[in-house]
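This report is for a reader who is new to the structure. The sequence and the model are shown first, and selected parts are then described.

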Amino acid sequence: MTSIPKLTLGPVLFNWKPEALRDFYFRVADEADVDSVHVGEVVCSKRTPFFEPFIPEVVERLAGAGKEVVLSSLALIMSDREIAQARELAQTDGILVEANDISVAAQMNGRPFVAGPLLNIYNEGTLASLAAMGAVRVCLPAELSADAVACLAASTAMEVEVQAFGRLPLAISARCYAARARNLSKDGCQYVCADDPDGMAVETLDEVPFLAVNGTQTMSYHTMDLLGDVRGLAARQIQRFRLWPQTCDMVAVAALFRSVLAGKTGEEEAEDLLSDLCPGAEFANGYIHGRSGHLFIDAQG
Amino acid sequence: MASVAPLIRPELVCPAGTPAALKSAVDAGADCVYVGFRDETNARNFPGLNFNRKELGEGIAYAHERGAKVLVAINTFPRAGKPEIWHQAVADAARLKADAAILADIGLIEHAHRTHPELRLHLSVQAAASNPDSIRFYAERFDVKRVVLPRVLTVQEIAALNPRIAPVETEVFVFGGLCVMAEGRCALSSYVTGQSPNMNGVCSPAGEVRYTETPQGITSELGGFTINKFAHDEAAGYPTLCKGRFIAHDKASYLFEEPTSLNTLSMLPDLIKAGVTAFKIEGRQRGRAYVAAVVQAFRAGVDAVMAGKPLPDIDLDRITEGGKQTTGAYEKAWR
């Protein structure tokens, strides 16, 4: 009998207003049934200064509510300022850090850290290298199938986490597409990414939903939904699932995943409940079934 | 008068998808040629392309007789539970006396460093090492000698980076197809088609491409999604995912990048002053004539800069994608 997997609330990838983001975390601290909560800017260092002053009180509130707090690093680190921030983050004492760039993992000097989903971890050789560097948990890339994540989980003593809900981070760039869509440069971006708190929808010329843009990050248009897959993955030693925050009711989304994992809510009923929680969302789970990421494969195949 | 550091004479690193292209590149003046095996161990895993072991052995002999080097790209990420063909590729590159292997995966780099310590290692662009801390990690831990920089840095940033990572060498792309995302960190292709550069060595694979005639012109699709539409008098380009036209905020545009090629010929003096060791030309999927024309142009450009002469005026328009050219991320305004 395997134990019930844990739930992680991933870092908020979008540019939410600082007060709204603080209030989101306060509500998560008080009401959300999740085991771990990630805090920190992953996508664009230009956004960092706005939320930084709120981080101590958010961390304190989350920890006070019994949640494990993890500080997530930037994904693409280039400038001196970003390098200095990453080094400082890696030196943080008493709180777990998630490395989303190899430079952060390299600074850990054997202290425990989480290997984030934006590192390229596709095989047991790389898992072993990261474990030797101090990684205690790994959140795997979205591209991997159930067979691949099960194979990796069987090969390691590390806790293995799989992304299970939300728009998927698919690519990162030096160029800002939110700014470009409005004929602005990245330097003069006017922080227009804040206009789209769940990302900017991108459609094909036939107006078919396609992708979403979150500043320098390109994401799936579809919302990843592994409600029908998490119990099968749990039986294959996946110990943890990540929910990416969206503007929908994340407390309710977390409760739904918890209920499905505990066998209290059936998968079909859960899908209906999730549709109600995310009006207008289109769901996908293709990657975990070894297919194109945008597809939704139902439990019957 | 301030002393000026002597310029490094950069190596020209040229693509070869076939033994014939390897010979063309060497004959046209390539210092190095980079190649891949005929399987998913490399990021240009296209039908009819690449080298078997015998061809690689012969290609290395041809290059070495003429003073050129051969680098073997083994730069996809080994599949979970099945690393054997990647390990074999590294072993064969070492056995055939390749001048270096170009690797991206941390586990594979560690394996190569441990089992073939005599094999020189280069870090692939697919590893996306964009800062000195990442680069030093690969150099100190696995003795990586050179890093191919991801196409996210400006020339000024590259100039500042080089002295901080010495003696690690840097290699930059100077011509050809252009990724607009940080290489190795893009899952768009697998999202749409199920196949990705990291896992399968392909982006926007040809098997997922469809062109449809409509009364208005031609529609290009990838994995069932429309990537672009062309009027009858327009040339219908290949539907590379990030070079398509899409709608955001009710406006259709080339949201990520236009169909364009990287061409840094005009920037060669700046890139050489930035202390770059090697210039890489993209295009293992290209034919001999393309490779020869680009190599000759950049050979002439590098030789002119090193001789203190003005850059030759060479027009590469006819071989660039859609005739459009960009200097990409090397200039900050691109961002």
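## A helix pair in chain B

A crossing is left-handed if the near helix is turned anticlockwise from the far one by less than a right angle, and right-handed if clockwise. Helices (H or I, at least four residues) and strands (E, at least two) are DSSP runs, numbered from the N terminus. In chain B, α5(B) passes α6(B) in a right-handed crossing. The contact (heavy atoms within 4.5 Å) involves P132(B), I135(B) and R136(B) of α5(B), and L161(B), R164(B) and I165(B) of α6(B).

## Basis of the model

This is a predicted model, in which local features need pLDDT of at least 70 and side-chain atom pairs count only at pLDDT 80 or more, while totals for chains, interfaces and linings use all residues. Residues are numbered from 1 along each chain as its sequence is written, chains are lettered from A and ligands numbered from 1 in the order in which they are written, and side-chain values use heavy atoms, without hydrogens and water.

## Annotated cysteines in chain A

An unreviewed UniProt entry gives the feature "binding site" at C44(A), C176(A), C189(A) and C193(A); UniProt positions follow the numbering used here, feature names are shortened, and annotations may be inferred rather than shown by experiment. These residues are spread over 150 residues of sequence, yet cluster in space, with a largest C-alpha distance of 11.6 Å.

C44(A) lies in the loop between β2 (36–39) and α2 (48–51) of chain A. C193(A) is in the loop between α8 (177–181) and β8 (200–203) of chain A.
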